[in-house]
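Here are some brief notes on the model, for reading alongside the coordinates.

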Amino acid sequence: MDDTPPALQPQAVPWSLSTWWEESPSSSNTLISRAPLPDTRCEQCEAAMNSQPRRSFLRMAVLRVARASPDTCWQCRILLALAERKLGRPLGIDESLEVWSARDNPDKIMALWVCSKLGTGDGEENRFVTISSLDGLPCPWNTFDVRRHTSSVAHMLGSHSYKVASSWLKTCVTDHPGCPGMEETLLPRRVIHIGANYTDICLVEHSSPTLGRYNCLSHCWGGAQPLTTTTHNIAQHLERIALPPISEFLYIWIDSLCIIQDSPQDWVEESAKMCSIYENGHLTIAASAASNGSGGLPIRDSSRFVHLSGTTSSPESKPFDILGDFEVGIDVRDHPSPTNHRTPLFSRGWVHQEMLLSPRVVHFAKKELLWECKTVGTCQCPQPPTFRKIFFKEGHYEAPNSSRQSSARLAGDLLAHQWHKVIESYSRLDLSFPGDKFPALSGLAQQMSKWRGHEVRYLAGLWTDSLLTDLLWTAAYRYVWSSHSIDRILQGKHEWRAPSWSWAARGVPVIFPRTGAERNGSTCEVNAMCNIIGAETTLATTDKTGRISGGRLVVTGSLFDASLYRDIELSVSRGGTAETKATITLSVQVPVDLTGGVKTFISYAFERGTCVFFMTQSDAQGLKNSKPDELGIVVKEGFNPDPMAELFSMKRTDSREYMGSDIKVLRIGRVGRRMPAPDDKKWLADMEYAVVLQGIDTEPTDPDGAEAARTYRRIGIIHQGREGYKGVEDAREDFWERYPSCFEEGGREETITLV
C-alpha cells in the first residue's frame, strides 16, 4: 500500500502510455510502438527546440506534462515514455520535463531531466536520462544524436552478463587480427578443471607440457580469506573443489588455488611464470567490483537502459531505435583504473601486470561490463570507457610494434618511455607485502626483456640500456601517507626490497622525465654528466626478475659537499587542530652562488590530524608562477627527498636537527626537450638532475685519518629547470650560459658506490 499522503500524490494524467507502447516479449527493457508514431510535433515541443540557451554550454527548455500531446506529437510520446520508465510510475499532471540540448547544436536533444514536485513541494525527485539514437540506424527526425556502442547495448538489453561477455569474445576471436584466435597454448602447471556439468570441478596438475585453452581469474583477496590450495588440502583439491561455475571453458587458472600458498618454493616458481600464464590465457575475467573472494561476479541485466523501437507514419515510413540511459557518470566513477579505488580490484599492485599481459579482459564492474583487448575497448554504456586510456593496453603493445620499425636508438627510447609509464602507474598501487614489489612486476619485466633483447640486463626495476634516465625518478610532488605507515618507517619496521638508487626502494608514487620522441612531435636529448662504471644486483630467488637481496652502482662524477637539516614547528590551526610543519633544508657548498658559496634547496611538509602532506620547493615557494625574464627564460629549482617520512622527527619540538654528517650531491645528467616547429607557447626546456647522497659507513680509512667512506645511499634528488619561451623561432638556447647550473664548478671528481 502506498503510504504517500494524499496531498503529495501526483494528479493522474488523462491518458496512458500503454495505449501506444508495449513491452517486448524478449525483454522488459524494450518498448515497441503499437502503431506508427505521428509525423507532427506539438507547439510546446516546437517552442522548446527554439528556446534561448540558459547555460553557457547547454540549451534547456521546460515541457509541461499538462500540455503534452502524446496522441499527436511523436516527441511527446518518446519523452514521456522515457520519463515514466525512469520514475517507475505514471507521470502526474503537475509535473514537468527539462529538455537539454547543446548550445552549438540546439536541434539535437541530449538529455531529459524529470522534475517531479509532489503536492506542496516538500518532496521533490529529479531524474536524469541521456538519450541517443542507435548507431547504424539514423534518427528519422534527426533529433537524437548517434553515440558509439549503442547498437551493442540494444542487443544486450535482455542478456545476462555471461551472454554479453561471450558475444564480445566471439567478435574478438573472429574479427580482430591483432588478437589471438582459438589456437591452443601451453597450459600452466596447475589449472582448475571444469567438468561437463559445471559441478565436477577439481585441480589438475600436469607433469609434462600440455596444450589447451584456459581462462584466468583476476580477483581481490581482501579481508575475507578466499579458498586456497595448501600443502594440507592439495590432495583433496586434486579430487574435488567446491566452487560455483565461473567459466564455460574446460580450464581456468586462479592464483589462490593453482599456487600452493604455504609453500615458499612453489610460490616463487609459479609466480615467476605470471608472464606466460596471463599472456597465454584465452580470456581474463576480472572481478573488478568485488572487495574480497566472496564478492562474486554480478549477473545483471541492463535495467539502466530502456530501448524504444518502431516506425514513423506513412507515406515515408522509417524505422527508429532510441536508447535511454538512466545512469550518468559511470564512465568516470566506475570504470576500472589504477587510481579509481571505487573498483577494489584496481588498488592492487598485482593486478597491473595481469591486465597488461592478458590479451583480452572482461571487467565485471559495479554497474556494467567492460571489455578490453589489444584492438578495442568497449562497455555496455553508450559512452566509450576511460579505463583503456589509463591502463594504455593499446599503447603498451604499440610501443614494441613501433620499435621494430625504428632505428636502434629510437626503439630503445620508445621502450624506455613505455617502461616508465608502467612504473608510474604501478608505483601508485598497493601491496599487502612490501617484499612483493618485484614479484608483482615480474611478468611485465619478462615481457619487456623479450622486447629489449636478452643482452639488456634488468637491475632492480631499471635496465642497462636506459640506466641513466631510469635513475632520474622523482617521488611524486604531492601525495598522502597515513601516520601509521610513517611510524612503521620511523621504527624501522619497513622491509628492505631494493637498493636506494631504485625507484622501488620506497613505497611512494614516482615520476620520470619524459624522454625520446612523442606523438606531439617533441623530442628529448639525454646528456650524461657522470659515468656509470658498473651495476649489479644479487638475486634472492631463482626468478631473475623477482626479489633481490642486494645491489650496487659504481659511478664516477662531480661530488659536492652538503648538509641537510630540518626545522620542526608546532602550531594550532584556527579550528583548534594541532599542526606540525617540517622545513627540510639542503645546503650545498658551491662557488657560483652569490650568497657566500652556499646554495639552499627547501622542501616542506605539513601534518594535520592523521595525514601528512608533502610539497617540494617548486610548489611551496611559488616557482610555478615564475615569470619569464626579458629574454623569455624561466628558472625553476626544487629538492625532493626520497624517504620523506624518515625526515620527520619523533620529537615534536621546535628545534633544528642536522641529519647525517656525510651528505653529498652527485651531478647525474640533463634532459632537454625540443619542438621541431614554431609554437606560440614555450618550447625549449632543459632539466638537470643531481642526486643527494648520505654516507652509510663513515669509519676512518686509517687510524690517523678521518676521510668519509665512499659508499652512499640515495636520499633525494635535485632538479634545476631552464625553459625558453616566445616560441621556438625566437626562444634562446643559451639559458645555461645566462643562468648557469649551480653544479657547473666546484665539484670533486670521485668514484663512489651507491647501495
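1. A cavity here is a set of grid points where a 1.4 Å probe fits but cannot get out, and its lining residues have an atom within 4 Å of a point. Keep in mind that this is a predicted model.

2. Seven cavities of 30 Å³ or more are present in the structure. The largest cavity holds about 60 Å³ of space. The second largest cavity has a volume of about 50 Å³.

3. Take the second largest cavity. Its lining is made up of Gln44, Cys45, Leu63, Arg64, Val65, Ala68, Cys76, Leu79, Leu80 and Leu97. Two or more lining residues come from each of α1 (43–49), β3 (58–64) and α2 (74–87). Helix α2 gives the most, with three residues. By class, the lining of this second largest cavity has eight nonpolar residues, one polar and one charged.

4. Now the largest cavity. Leu471, Trp501, Leu553, Val555, Ile668, Val691, Arg714 and Leu754 line it. Seven of the residues in this lining are nonpolar, none is polar and one is charged.

5. A separate point concerns Lys170. This residue sits in helix α4, which spans residues 161–175. Is Lys170 buried or exposed? Lys170 has a relative accessible area of 61%. The cut-off for exposed is over 50%, so Lys170 counts as exposed.

6. How far apart in space are Lys170 and Met182? Their C-alpha atoms are 9.9 Å apart, and the two residues are 12 residues apart in sequence.

Key
Residues are numbered from 1 along each chain as its sequence is written. This is a predicted model: local features need pLDDT of at least 70, side-chain atom pairs count only at pLDDT 80 or more; totals for chains, interfaces and linings use all residues. Side-chain values use heavy atoms; hydrogens and water are left out. Helices (H or I, at least four residues) and strands (E, at least two) are DSSP runs, numbered from the N terminus. Buried means under 20% relative accessible area, exposed over 50%, partly exposed in between (1.4 Å probe, protein chains only). On a 1 Å grid over the protein atoms alone, a cavity is a set of points where a 1.4 Å probe fits but cannot get out, and a pocket is an open set with protein on both sides within 12 Å along at least five of seven lines; lining residues have an atom within 4 Å of a point. Grid points are joined across faces, edges and corners, and a volume is the space filled by probe spheres set on the points. Ala, Val, Leu, Ile, Met, Phe, Trp, Tyr, Cys and Pro count as nonpolar, Asp, Glu, Lys and Arg as charged, and the others, Gly among them, as polar.
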